[in-house]
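These are my notebook entries on one chain.

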Amino acid sequence: MFRETLYMTRRGAAPRARDPQRGGEAAGGEETPLLRGIFQIGKRSCDVVLSARQLRWSPIQPESRGGDSNMNLPCKEEFVEMKDIFSVKLKRRRFVGQKKGGVLLGITVFVCLKKENKLKDSAINFNNVSEDHCHSWFRCLKEILNGFPNRPKSLKVFVNPNSHKREATRVYYEQVAPLFKLADIKTDVAVTEYEGHALSLLKECELHSFDGVVCVGGDGSTSEIAHGLLLRAQMDAGRDTDHILSPVRAPLPLGIIPAGSTNVLAHTLHGINHAVTATLHIIMGYIQPVDICTFSSPSKLLRFGFSAMFGFGARTLALAEKHRWMPSNQRRDFAVIKTLASLKYADSKVQWHTIQGHFLNVSIMAIPCLCSMAPRGLAPNTRLNNGSMALIVVRNTSRAEFIKHLKRYASVKNQFNFPFVETYAVQEVKVQPRTKIGCNTEENVYLHATSAEGNYPWNIDGDLMEEASEVHYIVQEKNSCQVE
């Protein structure tokens, strides 16, 4: 396992503007004002002060009959942190159809607000009809915003139009693209046409002109693009892509816009399945290192990924893939029920400290894997970047007990509190199936066929892989995958 970087909530100190001499702290710890002026905010005239860290304003007090300011009226100062502003625009009144010019009304700042895990955008209007006044404020605000690190100016966007109910295109153009435009982010959009299309494009794309890559789709699309970014990094570094012992870091961070059925990766990163929240994480440049694994067969690298399952999780996916003509929710429920009806163990060997036996399911998770069906996560005891992965082994048991275990994922109870479930924190593990899986029911004919060739179904980030009968998982702490 090693780390990729994704866009998500930043923890730690707020970013500063590039020029520390402008708007620095004066004696006594107060910041030196960069600009001060009068704007109308709402229905009140306000004294507005701009520093490198804050934009503050307070209502101007009316004078009393004696000529003094009325000090008895409440005077509440309001402010917004500059690190929470993502765009500033000149505000103009235009006629219908008019695209340029218009009467200047003032400036508008756009702020990213947070409530629990959800982010939303909000606008504050500072009204003043003076051209010189507004332009000087506009230039200074833009200079401060341009000084914040990690905020992208240009993005390569991949949209999977076939993700869950074919919603990704609508999500992008109605919810994501307008915010990117508002933040003055240039985009190059590629709409994928088939599975593996994004991977092919990433191998050939000129990435040096972009500040990040964005995926609008489900977990399968995100995993493919993360794999493609990391594979491209190995190619550019002249590495042998079949045998990667110490991968180099991906050159760009990956942004994830949820538009799939489960959206495990986006939900785990942001704590919520919300396209606007994910978009604002990207715009604000909130970057998080995230652990990612290498999945290899004895002869070659299979792919980079965040999670894998062998046994029940893989057999369910294999059956669902055979019924893709069904709606996604129905297909998932059908596959789970049919696989439970023919529940079979696999005789396997799991090596790190070797354990051998009859396992219903083996899961390897580099991240907690939160989703609506598992609010605590499929692997709640692991973290995004702690340098280890969760190994969860479910030994053979009765169908009734296994169903109880599955139901716990949707509750607040501990899903691992069963005598047949074992959990471990590991950095490297090898899974070796020892016998064929399945029974003579119709839904398992496919599994018999692949097993006869020495191949077994593996569920890697929701994608079905059939190449190997033995898979080796490694975490490598010195590298990273960046996620936005």
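This is a predicted model: local features need pLDDT of at least 70, side-chain atom pairs count only at pLDDT 80 or more; totals for chains, interfaces and linings use all residues.

Entry 1, cysteines. I took a disulfide to be a pair of cysteine sulfur atoms within 2.5 Å. By that criterion I found zero disulfides in the structure. Cys 293 is in no disulfide, and the nearest cysteine sulfur, that of Cys 369, is 9.7 Å away. I counted Cys 293 as buried because its relative accessibility is 0%; buried means under 20% relative accessible area, exposed over 50%, and partly exposed in between, with a 1.4 Å probe and protein chains only. Cys 46, at 3% relative accessibility, also counts as buried.

Residues are numbered from 1 along each chain as its sequence is written, and side-chain values use heavy atoms, with hydrogens and water left out.

I recorded 10 helices and 24 strands, taken as DSSP runs (H or I, at least four residues; E, at least two) numbered from the N terminus. Of the 484 residues in the chain, 52% are buried. Among contacts (heavy atoms within 4.5 Å) between residues at least 6 apart in sequence, 69% join residues at least 24 apart.

Val 171, Gln 175, Val 176, Leu 179 and Phe 180 in α2 meet Ala 275, Val 276, Thr 279, Ile 282 and Ile 283 in α6.
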